Amino acid sequence: MEHMTESEALQEWDGDAMAHDDFIAQRQHEYYKAVDAMRARYADNARAETGATIECAYCARKIVKRNYQTQFCKNKGSGNCKDRYWNNADDKRRVRAQHFA
């Protein structure tokens, strides 16, 4: 085992903290990028004509738009795409969803 001075240990520890902060920042960037993609699919689906093939706003699964308000492949039961979309896309609801998770 190698001995190090207190200042060397603090520098090493600070480096680990920076790596952790970088990791958190990267994860947040990826998360918001995914939310932006979901919002874009939602907007594309709203513009699509009835009968067109669209992607679920949450999971990107291909579905047929059966009426003017179709956005999601599942909107009933546990784990449905509609609730998952709104729990991530809406800032206020995201905070509540994280609180109850």
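Among the elements of the protein chain, which has the lowest mean pLDDT and which the highest? The lowest value belongs to α3, with a mean of 79, and the highest to strand β1 (residues 53-55), with a mean of 97. Here pLDDT is the predictor's confidence in each residue, on a scale from 0 to 100. The structure is a predicted model, in which local features need pLDDT of at least 70 and side-chain atom pairs count only at pLDDT 80 or more, while totals for chains, interfaces and linings use all residues. Residues are numbered from 1 along each chain as its sequence is written, and side-chain values use heavy atoms, with hydrogens and water left out. For the protein chain, the mean pLDDT is 85, and 87% of the residues reach 70 or more. Where pLDDT is low, the predicted coordinates should not be read in detail.

Helices (H or I, at least four residues) and strands (E, at least two) are DSSP runs, numbered from the N terminus. Of the 101 residues of the chain, 18% count as buried; buried means under 20% relative accessible area, exposed over 50%, and partly exposed in between (1.4 Å probe, protein chains only). Contacts, meaning heavy atoms within 4.5 Å, can also be sorted by separation: among those with a separation of 6 or more, 26% join residues 24 or more positions apart.

The aromatic rings come next. The structure holds 6 aromatic pairs. Rings of Phe, Tyr and Trp (its six-membered ring) pair if their centres lie within 6.5 Å, and planes under 30 degrees apart count as stacked, over 60 as edge-to-face and the rest as tilted. One of the pairs is formed by Tyr31 and Tyr32, edge-to-face, at 5.2 Å centre to centre and with 75 degrees between the planes. Tyr31 is partly exposed because its relative accessibility is 28%, and Tyr32 is partly exposed because its value is 42%. Tyr42 and Trp86 also form an edge-to-face pair, at 5.5 Å centre to centre and with 75 degrees between the planes. This pair links distant parts of the chain, since Tyr42 sits in helix α1 (residues 6-47) and Trp86 in helix α2 (residues 81-89), 44 residues apart. Both partners are partly exposed, Tyr42 with a relative accessible area of 27% and Trp86 with 29%. Ring pairs also gather Tyr42, Phe72, Tyr85 and Trp86 into a cluster.

Helix α2 has a buried side. Cys81, Tyr85, Asn88 and Ala89 are its buried residues. They lie on the same side of α2 because they cover an arc of only 90 degrees around the axis, the arc being that of the directions from the helix axis to the C-beta atoms. At the start of α2, a side-chain oxygen of Asn80 reaches to within 3.3 Å of the backbone nitrogen of Lys82. The Asn80 side chain also reaches the backbone nitrogen of Asp83, at 2.7 Å. Apart from residues up to four places away in sequence, Asn80 touches Lys74 and Asn75.

Helix α3 (residues 91-100) is hardly covered, with a count of 1 buried residue among its 10 residues. Asp90 caps the N-terminal end of α3, where a side-chain oxygen lies 3.4 Å from the backbone nitrogen of Lys92.

In strand β2, Val64 is partly exposed, with a relative accessible area of 40%. Val64 and Gly51 are 13 residues apart in sequence and 5.9 Å apart in space, C-alpha to C-alpha. Leaving aside residues up to four places away in sequence, Val64 touches Gly51, Ala52, Thr53 and Thr70.

The cysteines complete the picture. A disulfide is a pair of cysteine sulfur atoms within 2.5 Å, and by this rule the count comes to 0 disulfides. Cys56 is in no disulfide, and the nearest cysteine sulfur, that of Cys59, is 3.7 Å away. Cys56 is buried, with a relative accessible area of 0%. Cys59 is likewise in no disulfide; for this residue the nearest cysteine sulfur is that of Cys73, 3.6 Å away. Cys59 counts as partly exposed because its relative accessibility is 37%.

Methods:
A polar contact is a pair of N or O atoms within 3.5 Å; within protein, one must be able to donate a hydrogen and the other to accept it, and residues adjacent in sequence count only if both atoms are side-chain atoms.
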